[in-house]
Amino acid sequence: MSFRNKVIYQIYPRSFQDSDGDGVGDLRGIIDRVPYIAELGPDMVWFNPFFVSPQRDNGYDVADYRAIDPTMGTMADLDELIAALAAHDIGVMFDMVFNHTSTEHEWFRRALTGEQRYRDYYIIRPPGPDGGLPNNWESKFGGPAWSPFGDTGDYYLHLFDPTQADVDWRNPAVRREMADIVNFWLDHGVTGFRFDVINLISKDADLASSPAGVDPRVMYTDGEHVDEWLRELHDASFGTVPATVTVGEMSSTSIDRCVSYSRPGNRELDMVFNFHHLKVDYPEGQKWALAPYEPMALARTLDEWATGMQDGGGWNALFLGNHDQPRALDRFGDAHTYRVESATMLATMIHLLRGTPFIYMGEEIGMTDPEYAVIDSYMDVEARNAYSLLVDAGATDDEAFAVVAARTRDNARTPMQWDDSPGAGFTTGTPWLAPTNQEHINVRDELAHGRIFRHYQELIRLRREVPDIADGSYAPWRLDHEHVYAYLRDSVFVACNLTQEPTSIELPEQFHGASPLINNYPDDSDTGQSELHLAPYQAVALVKGES
Ligand code: TEU
């Protein structure tokens, strides 16, 4: 289980560092920042896709899985980047978007010319019995999940944007293509793979509409063949290289299915991303709506998954943010009054859980959502669609804007803020997405006198040096508390005040007099006491015996 004591850093290449002044990040820019990555100290870097793409969905619409988009760099740049990271014992994780390809991929273009072999790579169907769409499925980006397949009169399936055509995994030739792609990158020195929405690949055999009142997602989520096809991919590619690290993004999934996808011996994946904890602030599960969030709902959901995955022998990827999510600091912390305290509390809460932590670029310096004034500042296709749908449904422009500003994926995609200059040290040109608070939050100032970066370094060190963090059991403590999420990891006790209310929590008897392991406030924890007093957003870990 080489991945259990690892920490993985996620880089959104489009927004990390631009080297040629075009306002878009690139591989050479990342190479220039390897010393910074090494200083933070992760074991691996997950890169969002930078393959050839028309960029309709910022690279998740892949037109060539074996070639680097020229705007991002060259194969020589990639080789240099892999070598530069390897010099610091940092591995490279690629993002495999295998549920769909761009409609500009050669396969789709050849399908449009009528080549049956490639038509069979996609999910193409005639109109339904009523002459309408083949079924009632909807795109996750809004609108129907079917678009006309050229002028054939048929339709092709796209669970995301119309420029992202779902491939047919029932076709063994498609499965062979995907294994060949993984092997191509294994041969290139890539040692990690994140599989995009991989639990959507097994659609209903009949592509049937969902029954009235039933969410159509049930017709293509966690389908009957996902385990079988993951095992086939494992055996034909990454499973042949024991040192690889794999993680699957699981959309709208369950604990039982994620146990199956990640249990050692199942020959599927090492771990999974699930998103249940990142929907606790969705009123009635609706992303494009606003309501106050209840902090202990976050604790209860994290606990439910920690417990369920432990009981089943599965393994969680631990994270509060990524390129699709607003900054956790804005959602679950206090980005203004307690930015440092809540950033370090959230980090402590995640990093000491049972699982493998992921750090999304910018978390380690406490970056926050941008503050835009107009909808045209946002670039995300999902957000623009949502704005239109909200206004069409009767929301005022201001109401729709407020929802998009809080929920858009662009919140996490603003450029990495390296310094306080107009381009944030990210670019000498015009950034593709505007930073808005680099004068207050940037790497240069954080490294000079901040506390957040150093706290992340310490958490990474602890995971390597305190065995119970990586391999220990998990158990909740006082989950009925109204402010504190606390849990035990065998010799370690963790208490996180999720609120701005000063509070206290009694200690488990075995931790009376325990030594402080990490504390996001100046060390004020009286370890001789039977309870812990926690300031706003304070997180403390104690260790029994020798730390
Ligand atoms: O995301 C899949 C996914 O579920 C998210 O799009 C999610 O539905 C939405 O962002 C949150 O409401 C993956 C990638 O991470 C995302 O960037 C891609 O846009 C998407 O797949 C399609 O490839």
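1. Where is Ala289 found? In this predicted model, Ala289 lies in the loop between strand 13 (271–273) and helix 9. Its relative accessible area is 23%, so Ala289 is partly exposed. The cut-off for buried is under 20%.

2. Consider the contacts of Ala289. Leaving aside neighbours within four places in sequence, Ala289 touches Pro283, Val403 and Arg407. Ile350 is another matter: Ala289 and Ile350 are 61 residues apart in sequence and 26 Å apart in space, C-alpha to C-alpha.

3. Next comes helix 9. Helix 9 (residues 295–312) has 18 residues. From first C-alpha to last, helix 9 reaches 26 Å, close to the 26 Å expected at 1.5 Å a residue. Gly313 follows helix 9, and its phi is positive, near 85°.

4. Now the packing of helix 8 (residues 255–262) on helix 9. Their axes come within 9 Å and cross at roughly 50°. That makes helix 8 oblique to helix 9. The crossing is right-handed.

5. Which residues meet where helix 8 and helix 9 are in contact? Helix 8 brings Ile255, Cys258, Val259 and Ser262. Helix 9 brings Glu304, Trp305, Gly308, Met309 and Gly312. The residues of this contact divide into 5 nonpolar, 3 polar and 1 charged.

Definitions and conventions: Residues are numbered from 1 along each chain as its sequence is written. This is a predicted model: local features need pLDDT of at least 70, side-chain atom pairs count only at pLDDT 80 or more; totals for chains, interfaces and linings use all residues. Side-chain values use heavy atoms; hydrogens and water are left out. Axes are lines fitted to C-alpha atoms, for helices over the stretch in contact, and angles run from 0 to 180 degrees between N-to-C directions. Helices (H or I, at least four residues) and strands (E, at least two) are DSSP runs, numbered from the N terminus. Angles under 35 degrees count as roughly parallel, over 145 as roughly antiparallel, 65 to 115 as roughly perpendicular and the rest as oblique. A crossing is left-handed if the near helix is turned anticlockwise from the far one by less than a right angle, and right-handed if clockwise. Contact means heavy atoms within 4.5 Å. Ala, Val, Leu, Ile, Met, Phe, Trp, Tyr, Cys and Pro count as nonpolar, Asp, Glu, Lys and Arg as charged, and the others, Gly among them, as polar. Buried means under 20% relative accessible area, exposed over 50%, partly exposed in between (1.4 Å probe, protein chains only). The expected span of a helix is 1.5 Å times one less than its number of residues.
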